[in-house]
There are 2 protein chains.
Amino acid sequence: MYRYEIKFSNDIPKYLEISKHIKKLIDENNIDDGEKLLSIRKLAKILKVNEVTIVSAYKKLEAEGYAYQKMGSGTYAKRRDTNIKFKKEYSNTLKKISSQNLKSYVDFTGEITSSEFFPVTVFKDVLNEVLDRDGTEAFAYKESLGYEGLRNSISAFFWDNKVSSEDILILSGAQQGIDIVSKSIINVHDNVIVEKPTYGGALTVFKWRRANIFEVDILEDGVDLIQFEAILKKNRIKCFYAMSYFQNPTGATYSFEKKVRILELAEIYDFYIVEDDYLSELIYDNKEYKSFKSLDINDKVIYIKSFSKIFLPGIRLGYMISPQKCKEYIQNSKINTDISTSSLMQRALDLYINKDLWKEHISRLNTAYKDKYNFMLDCIEKYLGDKASYYTPGGGIHFYFKIATDLKINSMELFYRCMNKKVLITPGVLFYKNAKEGNNYFRLSFSEIKKPEIEEGIKIISEILKEK
Amino acid sequence: MYRYEIKFSNDIPKYLEISKHIKKLIDENNIDDGEKLLSIRKLAKILKVNEVTIVSAYKKLEAEGYAYQKMGSGTYAKRRDTNIKFKKEYSNTLKKISSQNLKSYVDFTGEITSSEFFPVTVFKDVLNEVLDRDGTEAFAYKESLGYEGLRNSISAFFWDNKVSSEDILILSGAQQGIDIVSKSIINVHDNVIVEKPTYGGALTVFKWRRANIFEVDILEDGVDLIQFEAILKKNRIKCFYAMSYFQNPTGATYSFEKKVRILELAEIYDFYIVEDDYLSELIYDNKEYKSFKSLDINDKVIYIKSFSKIFLPGIRLGYMISPQKCKEYIQNSKINTDISTSSLMQRALDLYINKDLWKEHISRLNTAYKDKYNFMLDCIEKYLGDKASYYTPGGGIHFYFKIATDLKINSMELFYRCMNKKVLITPGVLFYKNAKEGNNYFRLSFSEIKKPEIEEGIKIISEILKEK
């Protein structure tokens, strides 16, 4: 009872003070996650306030995600994990800096290819060609799967016609793909496996869907199969969310053997592989890469691809290939999510691909990024080699670091210290179900920055790591 | 047991025959909705097949929505309501016809304004102006709420600056708005009130969210308040989904008094009003209309507006105004749904509004549609007056009919008979939780068709109704 007591000030409404106080109790572990809060009557008595005041305070806690009601039983505490809080702070910080003057910062947080490579002039011509050619049709929406021309081009250009255009669904990006898959195949309390660490946006969707999330450590050649199989043996798994190449954040890529084994397991244990093809276009090491989808003989892979990351982020286009078994569900889910995706953009991208401009664009990107990648790798070896361990991805746009154990700095602290020196990094806490597990990790992306700043930024990070 | 027995043919796999047979039993009410199916072992014995065959058959039933599993308890039957089946047939029919040659049909099914009014040439110039002005910026996405320019324009142009641009969230259409609201504020088993009949796309989203849906009859001036209050008294309601003007499908519009009362009730019983502003721009009767949002003093209205219906469907743009209390949830929900909406289109629409082209477009539309509306009303009085009852909406793009009780034809039958005579209508069954309740209703939209076809089409419908 004692911990609930408050000395009220006269400046702010009592219900606000009460909710603030209880929030603090929850945040600081003085009220446990899931613990029943005092009844309205009791708390009103203790604090000598009206019951209505307590009702308002509890409502406010609920609205802020600090409490929930159980029908006929009362109000319970809910801990907001630090992940959510930090995530908000992190994105607000980036937003604030970007609205002011990002140019003075060295920005290692990029998740998409840099705008300097956007083929805007060419794309403008393509847009106009489409408008002249199609007129009002360019703004119609008749095809719920997406513009047939684009689906045919995707099939021909990216899949050598081995995937039917009827199995392709146009999306407005990979995030929508993850959301739609969740709605189609995941029910409350269904089990889902993700890589550990993984993309925060996927974690959030699965959490919102109230799935049980199992994390499996990712090694340099894909998830740890021993852990993976142990989970499969004990639990009925609905799907496994994987980034098959240059995983975000680790940069890990699945070996051929691991892919084949996981596909076998998908058949044996009857789960879907949700393959998020993050950046398969940016390959610098001349190895041959194959997607889960291209190796899938049992109709077990749901393949998701975004065009926004590699091409024009504002174009908001991507696509999904659905297995026959859940195709109808997934298509309906798309319709009920946003009916369809911008028609003009689909037509423009289609024409862009057919004029072989896509190929040119990717090849230009590859040359530029390979150069930056090699330079970044040199800088990392030179300045960070003894302070952190990392994979060499061989592709993609980022590196992931484990801070050496003798350095007593956590990644959120590193984030703030770097920010003070005008360097922006992404702390690992954003990529784990339990934020704490990312304390020793951070991610650096070289997508947005030029060589001199790469070196400058890494030097600064190295110095900060040394300080402690 | 007996009903489960099957004479197998040799042509198709046994598990397919079994699942087909059980589907038929469920469809024809020989197995009840929610009834436990025979155990795998038992059924395998009866049918003299392997247990694996039964497992496959049950899996297929599950995949098709005819069965579900309860952990450790077995498989249960699930009736797919005729609504879902007919809905699919209906949309496939329209799709098929539209891919062949819609021109030869009189199409009364339109839900958006006709493509003949699309200002494509003007919009093309606006797009180019944006591309010249903004360059790569036009394809960036930095603002998770949507392009600030557009949010400011919406606030100034549509809300007289009484809504802060910080409370506006850009969407890719109304359907996405409904989906995002559902994910933000509705949990499994939460109670939701909808108008009866209502928009099928909203019903589907609420069903997917596993909400309990209460329907309240809609009268010419809004929902029946006696039914509405009775539900509020007995149930904790999370939100009320309403189309405040020219409701889809009935064309009903809320009276000022009803709006005020419902807003009061929202405060008393603490629920949100999800206002879907379907077509408030098309007003023909010179009355003054006010949205729930504009009358909302207690922060209880979530306002959703689509630009696709009134402007360019393929533009995929709309917006939402969130109450302060759930603003953060809704914004996060948008990010996790598809990150953000096409940036170029937002900039183009912004410029289009600021050049006063929007105003011109709406005024042109109004003139054209008012003329069609009056003509259609005349035809209805002339040919359908004695065969069906209807409201006179005073705006929007459709009429809703109740077939006279002495005519023994249901709306699905009417749909098929009309289709055979090359007339397309929308049967009422699509607008009810329980499809059957729409048996006596149908909707006619005049959005896509010209005067001569309107008269021709209504004559044909009238003759079909007479036949029976």
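A:Asp270 forms a salt bridge with B:Lys59, with 3.2 Å between the closest N and O atoms; a salt bridge here is a side-chain nitrogen of Lys or Arg within 4 Å of a carboxyl oxygen of Asp or Glu. The model is predicted, so local features need pLDDT of at least 70 and side-chain atom pairs count only at pLDDT 80 or more, while totals for chains, interfaces and linings use all residues. Residues are numbered from 1 along each chain as its sequence is written, chains are lettered from A and ligands numbered from 1 in the order in which they are written, and side-chain values use heavy atoms, with hydrogens and water left out.

Between chain A and chain B there are six salt bridges. Contact, meaning heavy atoms within 4.5 Å, involves 61 residues from chain A and 61 residues from chain B. The two chains bury about 4,800 Å² between them, 58% of it from carbon and sulfur atoms; buried area is the accessible area (1.4 Å probe) that two parts lose on being put together, summed over both. In chain A, the residues that lose the most area to chain B are A:Phe139, A:Trp208 and A:Asn336, together 16% of what that side buries.

A cavity is a set of points, on a 1 Å grid over the protein atoms alone, where a 1.4 Å probe fits but cannot get out; a pocket is an open set with protein on both sides within 12 Å along at least five of seven lines, and lining residues have an atom within 4 Å of a point. Five cavities of 30 Å³ or more are present.

The residue classes are nonpolar (Ala, Val, Leu, Ile, Met, Phe, Trp, Tyr, Cys and Pro), charged (Asp, Glu, Lys and Arg) and polar (the others, Gly among them).

| Space | Volume | Lining by class |
|---|---|---|
| Largest cavity | about 130 Å³ | five nonpolar, two polar, four charged residues |
| Second largest cavity | about 110 Å³ | four nonpolar, eight polar, four charged residues |
| Second largest pocket | about 870 Å³ | 13 nonpolar, four polar, eleven charged residues |

Each volume is the space filled by probe spheres set on grid points, which are joined across faces, edges and corners. Of the 16 residues lining the second largest cavity, A:Ser172, A:Arg316, A:Ser342, B:Ser172 and B:Ser342 are the closest to its centre. The second largest pocket is lined by 28 residues, and those closest to its centre include B:Phe158 and B:Trp159.
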